[in-house]
Amino acid sequence: MAYAYLFKYIIIGDTGVGKSCLLLQFTDKRFQPVHDLTIGVEFGARMITIDGKQIKLQIWDTAGQESFRSITRSYYRGAAGALLVYDITRRDTFNHLTTWLEDARQHSNSNMVIMLIGNKSDLESRREVKKEEGEAFAREHGLIFMETSAKTASNVEEAFINTAKEIYEKIQEGVFDINNEANGIKIGPQHAATNSTLSGGQGGQQAGGGCC
Amino acid sequence: MDAEDTRRNPDGKGFLTAENGSVFIPHAPDPLHGVCVSSTSGSVTGSVTSTVCGEDEQNSLESQDSGIPTLELSSPEVTTEPRSIEPLVQKHRDAPATLKLEAVDEGGASSQVRGGASVYRDSVSVCSTSSLSTDFSATLSLGNDDVTGDFVVTSDSSAVVDFHDFSDFSHFPQATPTNTAHGDHPQQHHNEAVARKESPIVNFFNRKLFRKDSPRQIQRVLKENEKAGGSASPKQSVRKHLEFEPLSTTALILEHRPANLPAKPAEEAQKHKQQYEEMVAQAKKREMKEAQKRRRQLEERVRLEESIGNAAHTWSQEILPNWNSMRSSKRVRDLWWQGIPPSVRGRVWSLAIGNELNITHELYDICLARAKEKWSASPPSISATENDAGDAGLSHADREASLELIKLDISRTFPSLCIFQQGGPYHDVLHSILGAYTCYRPDVGYVQGMSFIAAVLILNMNTADAFIAFANLLNKPCQMAFYRVDHSLMLTYFAAFEVFFEENLPKLFAHFKSNSLTPDIYLIDWIFTLYSKSLPLDVACRVWDVFCRDGEEFLFRTALGILRFYGDVLTHMDFIHMAQFLTRLPEQISTHTQSHTLFSCIGSINMSCRNRTWTQVLQALQKDPEHSSPVLKH
């Protein structure tokens with residue numbers, strides 16, 4: 001738990017676009033061709049390093065079906081970053097981006113960094129959405145954009161880390177009020193108590209174990 | 001799929017139940033029933049057959065790398081190595097040389113001596129194999145107790161036999177050519193073996209061996225089957241035979257010093273003999289202990305099987321015929337709590353869920369036909385212009401999308417079982433039920449999570465009955481609230497849950513509160529799928545059993561039981577670890593003991609809070625929504 005900051009992420013997008021697979025690839029570095037259905041919300045966590053600082057990502061992976069939107073909405077609260085995912089082989093998942101974006105903007109902090117992700121880039125032969133279209137959508141709505149493949153791990157790391165970098169920059173710029181946890185950012189125990197708790201922080205890391 | 005495939009089903013859930021060698025899926029998930037019963041009978045049947053027939057092709061003992069003879073059902077390649085070797089070893093000392101030759105030739109006919117170059121070594125290797133891989137080495141080594149010599153121990157559980165002193169085997173050379181020939185032509189060798197199966201000597205040895213070895217065989221094969229997660233069907237008569245006596249020293253062997261070396265002084269020889277005996281005694285003690293442990297496990301399983309068998313009889317002969325009068329009796333309720341035997345589970349569920357909606361098989365056919373019409377009529381492309389479903393709150397396009405979604409989700413339903421996926425035996429059935437339901441209740445449509453409920457029902461009853469149970473189950477107030485995602489009602493359920501959470505587990509409740517871990521995070525998945533996704537399937541079915549008896553209240557009681565079960569772990573976790581843990585419970589509640597503990601935890605949850613029942617608490621909260629959980633509010 002010896003992190004400088006903790007960022008809360010939320011992964012959103014239509015069902016079956018590969019949200020859980022992206023998370024699994026990011027946290028466990030593996031791919032499961034047939035992933036379980038996500039009902040409600042699932043979680044992942046991983047430590048990354050930006051600018052020499054340990055940052056813990058706490059990731060909320062949500063159910064994609066339309067019916068669950070009202071549940072998902074409550075999970076935006078306190079998210080510093082969102083990964084909005086569509087499937088490049090299914091145009092309808094791209095067409096639904098606008099409603100997802102509306103939802104996200106309406107229920108989250110206005111400073112939340114949104115990364116648009118066109119997933120399944122390994123399935124080039126079945127592509128229905130051009131990369132340029134994704135780029136255009138992102139430009140138009142002020143999002144960062146990337147095409148990824150949870151299967152080959154292409155750009156997965158980058159997608160999560162670039163989002164964190166953007167959030168980190170916003171903190172440096174003073175856009176985020178880091179003392180307000182509603183912004184989805186928590187200051188780590190190590191950072192908060194400056195230099196006195198280095199050993200305490202390390203002890204905490206032991207207890208934290210595993211993924212973080 | 002044949003019996004063996006079933007036995008080796010890699011998903012390890014002990015889920016497919018083979019009965020009499022044929023796959024029998026519908027009454028799936030109950031390992032209590034499955035694993036033990038079957039493996040025992042499998043092994044026993046196998047052993048019996050091989051004893052009687054001598055060289056039965058279908059059931060043979062086979063020595064594997066591990067050296068543990070196992071029973072291979074339907075294995076075309078036959079090797080009866082350990083069995084055939086023992087006679088050789090046993091008769092080694094006191095039988096006349098001619099008999100030994102016979103033993104090698106007859107009893108050892110099918111032993112695998114694979115093309116040894118040295119004639120002498122070949123004979124020896126037969127012995128070595130046997131001593132390393134079976135229990136019979138004891139006979140060999142103890143048979144030598146009139147001799148003093150060196151002994152070689154390579155590990156604590158097995159020793160190498162290395163005959164430096166070949167004098168004992170001076171009678172073997174005659175036999176070896178036969179052996180070598182057999183080794184070179186295994187097929188021919190096997191045929192000969194079959195041809196000789198009438199030999200009285202072979203029969204004698206086989207019988208003797210079987211009698212002596214059977215409990216071990218059962219246990220070994222049982223162990224093998226456990227590993228394979230397999231199952232077959234019971235045969236109680238043989239299972240009673242559980243006595244065990246240690247047969248070996250785990251292959252410790254006291255050897256002569258080679259003839260070309262000077263003999264040991266008597267004192268040293270005596271010392272070695274003493275050491276040897278100590279080791280043998282220790283090994284025996286250890287083996288005895290292990291055997292007792294195995295026997296206890298086996299007995300436990302036998303006991304369980306029997307109780308399940310008895311329960312199944314009681315259910316089908318006494319309770320089901322008098323359902324209405326007996327269902328509420330204390331005796332039935334107690335029996336119910338213990339879990340419904342898989343063979344009657346579907347019928348009990350059907351009766352308990354009931355059919356308030358009066359759905360007939362014909363109605364199911366109509367709904368299914370309509371669903372099929374839609375699948376074939378409308379391609380999955382978007383034609384959102386047509387809009388005649390305003391009142392239902394779902395557009396036409398949404399409904400079409402839900403048909404597409406069903407397809408997508410079926411493959412994501414119990415993927416590890418590999419029976420609902422495209423090409424799997426239950427893919428179409430699951431598709432049909434979900435499709436028919438979207439036509440039966442277009443206002444609800446397909447909601448993720450339903451596929452798990454339908455799947456569990458399909459595993460326990462026929463398609464039309466599963467549909468009836470499915471529709472009626474979803475029509476219950478709690479399920480309707482969740483599947484229609486009636487947010488405020490869901491909040492009320494969570495709030496009621498928290499009331500009982502605080503009452504039953506105050507410390508854990510406070511810990512959850514301080515970490516802002518709200519019940520929706522874990523309850524949504526649990527309630528939507530009725531635990532079928534989060535608990536091992538057999539445990540989930542037991543939850544379903546009592547849910548059918550007690551209604552929605554039991555779902556929340558189960559949740560509290562799970563929290564109590566894992567309470568110690570959870571109290572040491574922070575938010576993210578708890579959230580991860582609860583949304584992906586460990587798969588460890590697989591043994592009977594653990595599921596028993598879980599059910600005691602559930603049983604210990606008190607579902608009355610300050611003299612109010614679950615229903616009363618829920619109703620009070622519904623009247624006063626301000627007391628709802630702050631979660632999910634905006």
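Predicted model: local features only at pLDDT ≥ 70, side-chain atom pairs only at ≥ 80, totals over all residues.
## Chain A at a glance

Let's start with the overall make-up. Chain A has 8 helices and 7 strands. It runs to 212 residues, and 55% of them are buried.

What about its contacts? Take those in chain A with a separation of 6 or more: 74% of them are between residues 24 or more positions apart.

## Two helices crossing in chain B

Now over to chain B, where helix α17 (residues 427-440) and helix α19 (residues 463-474) have axes that come within 10 Å and cross at roughly 45 degrees. The crossing of α17(B) past α19(B) is right-handed.

Which residues meet here? On the α17(B) side they are B:Val429, B:Ile433, B:Leu434, B:Ala436, B:Tyr437 and B:Tyr440, and on the α19(B) side B:Thr463, B:Ala466, B:Phe467, B:Phe470, B:Ala471 and B:Leu474. Sorted by class, this contact has 11 nonpolar residues, 1 polar residue and no charged ones.

## A buried arginine

Next stop is B:Arg345, which sits in helix α14 (residues 342-353) of chain B. Is B:Arg345 buried or exposed? Its relative accessibility is 1%, and buried means under 20%, so B:Arg345 counts as buried.

The side chain of B:Arg345 is joined to that of B:Asp545 by a polar contact of 2.8 Å. B:Arg345 and B:Asn460 are 115 residues apart in sequence, yet their C-alpha atoms are 6.7 Å apart in space.

Terms used: Residues numbered from 1 in each chain as written. Chains lettered and ligands numbered in written order. Heavy atoms only, no water. Axes fitted to C-alpha atoms, helices over the stretch in contact; angles between N-to-C directions. Helix = DSSP H or I, 4+ residues; strand = E, 2+ residues; numbered from the N terminus. Left-handed = near helix turned anticlockwise from the far one by under 90°. Contact = heavy atoms within 4.5 Å. Nonpolar A, V, L, I, M, F, W, Y, C, P; charged D, E, K, R; others polar. Buried < 20%, exposed > 50% of the residue type's maximum accessible area, 1.4 Å probe, protein only. Polar contact = N/O pair within 3.5 Å; in protein donor to acceptor, adjacent residues only side chain to side chain.
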